[in-house]
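Please keep the sequence and the coordinates at hand while reading.

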Amino acid sequence: MVPPVQISNSGSRSVSTGVTLQVNICYPRPELNSKKLAILLHPWSWLGGNMHEPILKLLTRLLQDKNYYVIRYNSRGVGKSSGWPSFTGKAEGEDLNALVQEFLAEKPEIDSLTVIGYSHGSLIASLHTVLNPKVKTSHILLSYPLSPRGLLTMFQTGTYSLALRDILCNPEARLLLIYGDRDEFTSKSKYDEWVDTLRQTDGLKAQFDVVPVVDANHFWQSNGARSALQQAVDGWIS
């Protein structure tokens, strides 16, 4: 059987924000003429989050099977990436935008971008703007850390609320939220209340979907939770 992708462990990439990021890039076979890019962001570096997170690897395999270019990378100050982690996430958001723009410049044929953030990574993912009209942009926010958001961002809650609003009010945007109903950091009732508030956003124009997963925690440790996560992402991007 022919492997679905060619994998390039590129090592590192210098971006315009002045840092060098440790990256792993999966390339589809050239004859597939892929025009799809997905970029995955890891949990909070201050608690050991990095691009080798098992959930990100799980999603990488799924995206590979769908013939995406897939980028996982260590944020600034993590692993072999240079720089120092910020407390607000602003610098990480700028790094994300720079990395995406520079990859798109190399692959101008790409017309679909999916930004996937897990836990703290979902905060950073939400900072990435919608690249309409040329590049269809989708966001998948997994285990969004709603309750500890202020502590994780030096109380820049407003910045992240506004970023979500910008996505929700963009008619070219697609947004998927996935969370477990047994998340250790945000209760199901708080997630549900938040989702209701987001659905009532004045000027809501984006495609907005929500998948609460039964018996899943923040870390997606059970096989059933991981299977449900895969199915949710697979169904949404297909």
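Is tyrosine 69 buried or exposed? Tyrosine 69 is buried, with a relative accessible area of 8%; buried means under 20% relative accessible area, exposed over 50%, and partly exposed in between, with a 1.4 Å probe and protein chains only. The model is predicted: local features need pLDDT of at least 70, side-chain atom pairs count only at pLDDT 80 or more, and totals for chains, interfaces and linings use all residues. Residues are numbered from 1 along each chain as its sequence is written, and side-chain values use heavy atoms, with hydrogens and water left out.

A pair of aromatic rings is described by the distance of the centres and the angle of the planes. Rings of Phe, Tyr and Trp (its six-membered ring) pair if their centres lie within 6.5 Å; planes under 30 degrees apart count as stacked, over 60 as edge-to-face and the rest as tilted. Nine aromatic pairs are present in the structure. In one of them, the ring centres of tryptophan 46 and tryptophan 84 are 5.9 Å apart and the planes stand at 80°, so this pair is edge-to-face. Because tryptophan 46 lies in the loop between β3 (36–41) and α1 (54–65), and tryptophan 84 in the loop between β4 (69–73) and α2 (90–106), the pair ties together parts that are 38 residues apart in sequence. Helices (H or I, at least four residues) and strands (E, at least two) are DSSP runs, numbered from the N terminus. Tryptophan 46 is partly exposed at 35% relative accessible area, whereas tryptophan 84 is exposed at 61%.

The rings of tyrosine 69 and phenylalanine 103 have centres 5.8 Å apart and planes at 70°, so they too form an edge-to-face pair. This pair links distant parts of the chain, with tyrosine 69 in strand β4 and phenylalanine 103 in helix α2, 34 residues apart. Phenylalanine 103 is buried, with a relative accessible area of 0%.

One aromatic cluster is formed by Tyr144, Tyr179, Tyr191 and Trp194. Tyr191 and Trp194 are also among the buried residues of α6, together with Val195 and Leu198. The face of α6 turned away from its buried side carries the exposed residues Ser189, Glu193 and Thr197.
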